[in-house]
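Here is a short briefing on one protein model. Look at the sequence and the structure, then work through the points below.

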Amino acid sequence: MALRWFLHSACHVLGYPMDKDNTQEHGKQIVSYSNGEVKKVEYLSSSGFQMPLHYPRYTKADYERMEDWKVDLLLKEYGLSCKGTLDEKRAFAMGAFLWPDQY
């Protein structure tokens, strides 16, 4: 047991992978090795969704002029989905992102 711990610690410190496929998973990141050097680091999200840092700053007029693909992209960026006509999607986006006094 102590030998296994020592080998695992030594491999971790030296950067050598313990897996056969040269990939180690560390929490929310995957590290791939090639010849003892880090080849690629990928960061994983537990749900696949990350909240954008900024709140959308569109006005009611902007939403009324917005094209279908842009409304879909905006809703998808914030993890929202709405199926329906373009007018229904615009109304949903305005309800989600505008304050009541901005209607």
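Arg90 counts as buried, because its relative accessibility is 15% and the cut-off for buried is under 20%. This residue lies in helix 4. Keep in mind that the model is predicted.

**Arg90 and its surroundings**

- A polar atom of the Arg90 side chain lies 2.5 Å from the backbone oxygen of Met66.
- Which residues does Arg90 touch, not counting those up to four places away in sequence? They are Tyr63, Glu64, Arg65, Met66, Glu67 and Val71.

**The largest nonpolar core**

- The largest nonpolar core has 11 residues in all.
- Among them are Tyr63, Met66, Val71, Leu74, Leu75 and Tyr78.
- Cys82, Ala93, Met94, Phe97 and Leu98 also belong to this core.
- Helix 3 (68-77) and helix 4 (86-97) each supply at least two residues of the core.
- Cys82 is in contact with Leu75, Glu88, Lys89 and Phe92, leaving aside its neighbours within four places in sequence.

- Which residues of helix 3 are buried? They are Val71, Leu74 and Leu75.
- These three sit on the same side of helix 3, because they cover an arc of only 95 degrees around the axis.
- Trp69, Leu73 and Lys76 are exposed on the other side of helix 3.

**Aromatic pairs**

- How many aromatic pairs does a search of the whole structure find? The search finds three.
- A pair of aromatic rings is described by the distance of the centres and the angle of the planes.
- The rings of Tyr55 and Phe97 have their centres 5.9 Å apart. Their planes are at 80 degrees, so this pair is edge-to-face.
- Tyr55 and Phe97 are 42 residues apart, and their pair links distant parts of the chain. Tyr55 is in the loop between strand 3 (37-43) and helix 2, while Phe97 is in helix 4.
- Tyr55 is partly exposed, with a relative accessible area of 45%. Phe97 counts as buried, at 5% relative accessibility.
- Tyr58 and Tyr63 also form an edge-to-face pair, because their planes are at 70 degrees. The centres of these two rings are 5.6 Å apart.
- Tyr58 counts as partly exposed, at 29% relative accessibility. Tyr63 counts as buried, at 1%.
- Tyr55, Tyr78 and Phe97 are linked into a cluster by ring pairs.

**Confidence in the model**

- The protein chain averages a pLDDT of 74. Of its residues, 51% score at least 70.
- Where is confidence lowest, and where is it highest? The lowest is in strand 1 (residues 23-26), at a mean of 49, and the highest is in helix 2, at 95.
- The pLDDT is below 50 over residues 18-23. This stretch has 11 contacts in the model, beyond near neighbours in sequence.
- Where pLDDT is low, the predicted coordinates should not be read in detail.

Terms used: Residues are numbered from 1 along each chain as its sequence is written. Side-chain values use heavy atoms; hydrogens and water are left out. A nonpolar core is a set of buried Ala, Val, Leu, Ile, Met, Phe, Trp, Tyr and Cys residues joined through side-chain atoms within 4.5 Å. Buried means under 20% relative accessible area, exposed over 50%, partly exposed in between (1.4 Å probe, protein chains only). Helices (H or I, at least four residues) and strands (E, at least two) are DSSP runs, numbered from the N terminus. Contact means heavy atoms within 4.5 Å. The arc is that of the directions from the helix axis to the C-beta atoms. pLDDT is the predictor's confidence in each residue, from 0 to 100. Rings of Phe, Tyr and Trp (its six-membered ring) pair if their centres lie within 6.5 Å; planes under 30 degrees apart count as stacked, over 60 as edge-to-face and the rest as tilted. A polar contact is a pair of N or O atoms within 3.5 Å; within protein, one must be able to donate a hydrogen and the other to accept it, and residues adjacent in sequence count only if both atoms are side-chain atoms.
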